[in-house]
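Good morning, and thank you for coming. Please look at the sequence and the structure as I show them, and keep both in view while I speak.

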Amino acid sequence: MNMKESGKTLAKSYEFDNVEEKWLQRWTEAGSFRATMEEGRPSFSVVIPPPNVTGVLHVGHALNNTMQDVLVRYHRMCGDNTVWIPGTDHAGIATQNVVERQLATEGKNRHDLGREAFIERVWEWRKEKGGTIINQLKRMGASCDWERERFTMDEGLSVSVREAFVDLYKKGLIYKGDYIVNWCPRCLTALADDEVEHEDKKGKLYHIRYPFADGSGHVVVATTRPETMLGDTGVAVHPDDERYSHLADVGIRLPLTDRTIPVVFDHHVQKDFGTGALKVTPAHDRDDYEIGLRHSLDILKVMDDHGVMNEAAGAYVGLDRFKCRKQIVSDLEEQGFLEEIEDYDHAVGQCYRCATVVEPTTSLQWFVSVRPLADKAVAAVKDGRITIYPKTWYNTFYSWMDNIRDWCISRQIWWGHRIPAWTCSDCGELMVESADPECCSKCGSKNIVQETDVLDTWFSSALWPFSTMGWPEKTQELEFFYPTSVLITSFDILFFWVARMMMFGLHFMEDEVPFKDVYLHALVRDKHGKKMSKSTGNVIDPLVVMEQYGTDAMRFTLTAFAAQGREIKLDEERIEGYRFFINKIWNAARFALMHVEGCDTDITDVVKNHRELPLIHQWILSRIARTIEDVRRALDEYRFNDAASVLYQFIWHEFCDWYLEWIKSDLFSKDEVLRDQARGTLLYVLETVLKLIHPITPFVTEEIWSVLPGERALLVSSEYPQGEEQWKNDGAESRVDLLMGIITGFRNIRSEADVHPSAKIDAFIICADKGNAEFIRSFSTSLSDMIRLESLSVDQEGEKPKDAATYIYQDIELYVPLKGLVDVDKEREKLARERGKIDKSLKQINGKLGNQKFLANAPPEIVAKEQGKKEELEAKLAKINEAERRLEEIG
């Protein structure tokens, strides 16, 4: 075989930090991630779930973007027209809060600057700090087309947002009106239902006596928010509740006030729940608001936007709502209206940004009428135009969409897309236009004022799949890449974002879905299944992990954990374990390079005549053919963990542990044909392995690829392996499986009997099947090399040798005489010492597990850990018993 000089080598150990930096630069310089739009090729497109511009990479981002990158790199290597569009979200409330905190350190607030100057200040902050998470995504190896980076407030997307708003308004799908909304007294803005996070808290339930207006008695109502009673404008009871039928013309005297409020009869009230009477506060409770509308009750707001009691609260004006609560309770008790206070666990709504308790209140807001849009989205999912993975989310999606409320889209902040609506100060005309009007369209007055509210951040995000491709213009990108292929995102924004993209996509893109598939992944938790948080100290920082173990190790770990529908419990020890796997690939490549360095690249042509190759080469080609098939199928079906598992099993066990070990003698053989067959097959399989795993571990594979023989294009741009059906060889696989079973059996005997690694053994095999026995004999040289044999005897029948250890594989008996190899007395003493240590440890653990106080008070994970220790020790004890039994056989 012709050999050439080569200066390309691999370092002794994988120094990932230098390698990663090098390839990030080279991929960028080569334009490796740039989108392609060529006729006649399938397209694969993904839009990144845009992280907040305020964000810093966390483990959820790492998981999500690893999964996306695996698919994008895979499809790019498959030859598809591929684009992955990156970008960030302007994150209205979050970003405004960041800049307001910055101003606070200077002793200022946004009102000191004024709206325009404040917005300029936010843009300055974005220019300085807003690229942090993008740079961190690049550090992860995310192969986005970075030249197409978008921002939800950039010029093009701002045009898209205006066009969408105007279109919806003019079609009657956006309206302005008074309605009960979720209000954050800290952020001073309305929140959509799905921007309110509910947290279980221990509270109080206050039972209050409401006297009948005629003095004939009272009714008891219960509330967790007694301060809202000041805004009560009625008491509701069920129409069929005879206890209160006489109150229709009587009314209720509202405690602590001089007001009399009516009793209304409404089917919403459950007459068998509590006293069957419900205080109605239309201005501060959503259900009460609906009751109030049905019965024309007054809507009385008793708090201002800051959560402070207003003039309508009478004597309590100026009190913070929680201080007012305490004072109300004290006054009710003093005046004899408080019947009972009981402990009460309930879910409290909080602002998703600042965790302030949300106050339901009435306000003039802008809304999207979502029912017509939601119906189209549901239909698209039901008829299969959109597929959701995993399937367990279908019912949740349908249930939420069936009960969806109109979407409040206005926010009382400054940073965001300002609503394109103007009101004439002279005639009151409301104008909604794509371009800023110069005068009133009705009376011609130039005295017009633009709406001060901005749009909910999720409004612009809902346009993301098509706005990033140039809509409302008809672009080449939309022609090639819309609808997008798959959306990968966390399940917790299914309704924040995914459902809204479906609704807007179907509306604006002529009933075309925004994506064909939706993959919802779980949240990443710690190894005990607990939510990660800084307060509990269990956060795994991907940036630290990448510095410590390398990006490829982190990416492979996240891919291996990404099972559909399964909670992700991330353990740093597993990341470290997969770092060893990356090192295993590196070391296998170094070994291969020792033998193929300088070879002509056509050496791999030996695999074309695969049936003429020695058995072990036929076996590895058959196994890699099945691996290619399994990995491709797993990636096509979004079974990321299965793809990782198949690759791990093949690379670590079949390729490294078996194949490389087996072919060593051929690689050093003086027979040039045998040597070249081994070199050629080895290089071919290594190349295929690097291609297969590149989408998951791009850095180490690109580095190894670059030093293989011959002039090579970048691995990122190479062709992904196709299935090689002709290589599948059941016969080769079954015969090698037989040999591996025999080798494993003899190795187990050596290990369990503690035979010194350098000691050669006499091996006896009894195999009744004549064909198998002849086959085993034909591989006696290979078996001798793999097991370190002094001699090998293969017979179809015979007696067990004296003093021999036994291993049964299928119907084949394996024997190794141990006399002379093992010091029986010394081994017995060693086993006795080990048994003593285990018995002592088991006694301590059994004492703990038998202690009811320990079981009752210890955290479940500690109890489980002790139980695990017990099972581990008992397994060791069983092995000692077996070892002692074998020593008895020797004598």
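In which helix does E124 lie? E124 belongs to helix α5, which covers residues 115-129. Helices here are DSSP runs of H or I with at least four residues, strands are runs of E with at least two, and both are numbered from the N terminus.

A word on the source: this is a predicted model, in which local features need pLDDT of at least 70, side-chain atom pairs count only at pLDDT 80 or more, and totals for chains, interfaces and linings use all residues. Residues are numbered from 1 along each chain as its sequence is written, and side-chain values use heavy atoms, with hydrogens and water left out.

Let us stay with E124. E124 counts as exposed because its relative accessibility is 51%. The terms are as follows: buried means under 20% relative accessible area, exposed means over 50%, and partly exposed lies in between, with a 1.4 Å probe and protein chains only. On the surface, E116, E120, E124 and E128 gather in a patch of negative charge. A patch consists of residues with over 30% relative accessible area and no salt bridge, where like charges are joined within 9 Å and nonpolar side chains (Val, Leu, Ile, Met, Phe, Trp, Tyr) within 5 Å. Asp and Glu count as negative, Lys and Arg as positive, while His and the chain ends are not counted.

I turn now to salt bridges. A salt bridge is a side-chain nitrogen of Lys or Arg within 4 Å of a carboxyl oxygen of Asp or Glu. How many does a search of the whole structure find? The search finds 50 salt bridges.

One of them joins the side chains of E477 and R148, at 3.1 Å from N to O. This pair links distant parts of the chain, 329 residues apart: E477 is in helix α14 (residues 476-481), and R148 is in the loop between α6 (132-139) and β4 (150-151). R148 is partly exposed, at 21% relative accessible area.

Another salt bridge is formed by D456 and R411, at 3.3 Å from N to O. D456 sits in the loop between β22 (454-455) and α12 (457-461) and R411 in strand β18 (residues 410-411), so the pair ties together parts that are 45 residues apart in sequence. Are these two residues buried or exposed? D456 is buried, at 2% relative accessibility, and R411 is buried, at 2% as well.

R579 and E576 also meet in a salt bridge, at 3.9 Å from N to O. Both lie in helix α18 (residues 572-596), three residues apart, which is about one turn of the helix. R579 is partly exposed, at 24%, and E576 is partly exposed, at 29%. Finally on this topic, R623, R626, E654, D730 and E733 are linked in a network of salt bridges.

Next, the cysteines. A disulfide is a pair of cysteine sulfur atoms within 2.5 Å, and a search of the whole structure finds zero. For C427, the nearest cysteine sulfur is that of C440, 3.6 Å away, and C427 is in no disulfide. C427 is partly exposed, at 33% relative accessibility, whereas C440 is buried, at 3%.

R566 is exposed, at 53% relative accessibility. From R566 to P390 the separation is 176 residues in sequence and 9.5 Å in space, C-alpha to C-alpha.

Conventions. Accessible areas come from the Shrake-Rupley method with a 1.4 Å probe; for residues, only the protein chains shown count as cover. The place of a charge is taken as NZ of Lys, CZ of Arg, CG of Asp or CD of Glu.
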